[in-house]
Amino acid sequence: MNIEKTALSGCYIIQPKSFTDERGIFFESFKKNVLEHELGYKVDFVQDNHSISYKGVLRGLHFQESQKSQAKMVRVVQGEVIDVVVDIRKNSKTFGEHIKVRLSATNRKILFIPKGMAHGFIALEDATHFVYKCDQYYNRKAEGGIIYDDPDLNIDWEFPKEQIILSKKDQKLPSFKELVL
């Protein structure tokens, strides 16, 4: 497993070692001891989620506040996404900055997202299967978000804006400046 740091402290791209033979491909998508060694702290995932999205569906940017904040480990098992992580940790050197990573069933990249980040993705193919582990249970009262096209964040989703599909809830998310964390 190759673990690569990103521009956001605590956020890592994980590239599992794949083994291919005449039967197909095998790889370990999660190995707790290797991840914890790299992070320098323990992670106890308590919930797995799986979404299936049509091409153009944008989910995010989402987070859970304070004590309910979630670390996540995300990957795509079918299709492809552009995954975006925004640092919303007020005391961070990279507060308000973001990274983008293409995750796909083909490249098998996995993204570890620490607590204190907003997260979203756009599906680039129909029937994109996005799976992720969380270290906190979902808590509706703690959920928050930032509008995907926030001018201060200036995220290039690499997709025609008029073709983006958003939930009604995500259409009403506040701007980064309006956020009260």
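Residues are numbered from 1 along each chain as its sequence is written. In this predicted model, local features need pLDDT of at least 70, side-chain atom pairs count only at pLDDT 80 or more, and totals for chains, interfaces and linings use all residues, while side-chain values use heavy atoms, with hydrogens and water left out.

**Exercise 1.** Determine which residues of helix H1 are buried and where they lie on the helix.

*Solution.* 
Step 1. Helices (H or I, at least four residues) and strands (E, at least two) are DSSP runs, numbered from the N terminus. Buried means under 20% relative accessible area, exposed over 50%, and partly exposed in between (1.4 Å probe, protein chains only).
Step 2. Helix H1 spans residues 32-39, and Leu35, Glu36 and Leu39 are buried in it.
Step 3. Viewed down the axis of H1, these buried residues fall within an arc of 95 degrees (taken from the directions from the helix axis to the C-beta atoms), so they line one face of the helix. An α-helix has 3.6 residues a turn, so residues three or four places apart point the same way.
Step 4. Asn33 and His37 are exposed, on the face of H1 turned away from its buried side.
Step 5. The buried residues of H1 pack (contact: heavy atoms within 4.5 Å) against strands E1 (2-5), E2 (12-15), E7 (72-78) and E10 (110-113).

**Exercise 2.** Describe the lining of the largest cavity.

*Solution.* 
Step 1. On a 1 Å grid over the protein atoms alone, a cavity is a set of points where a 1.4 Å probe fits but cannot get out; lining residues have an atom within 4 Å of a point.
Step 2. The lining residues include His62, Phe63 and Gln64. Strands E6 (58-64) and E11 (117-123) each supply at least two lining residues, and the largest share, three residues, comes from E6.
Step 3. The lining divides into three nonpolar, six polar and one charged residue. Here Ala, Val, Leu, Ile, Met, Phe, Trp, Tyr, Cys and Pro count as nonpolar, Asp, Glu, Lys and Arg as charged, and the others, Gly among them, as polar.

Conventions
On a 1 Å grid over the protein atoms alone, a cavity is a set of points where a 1.4 Å probe fits but cannot get out, and a pocket is an open set with protein on both sides within 12 Å along at least five of seven lines; lining residues have an atom within 4 Å of a point.
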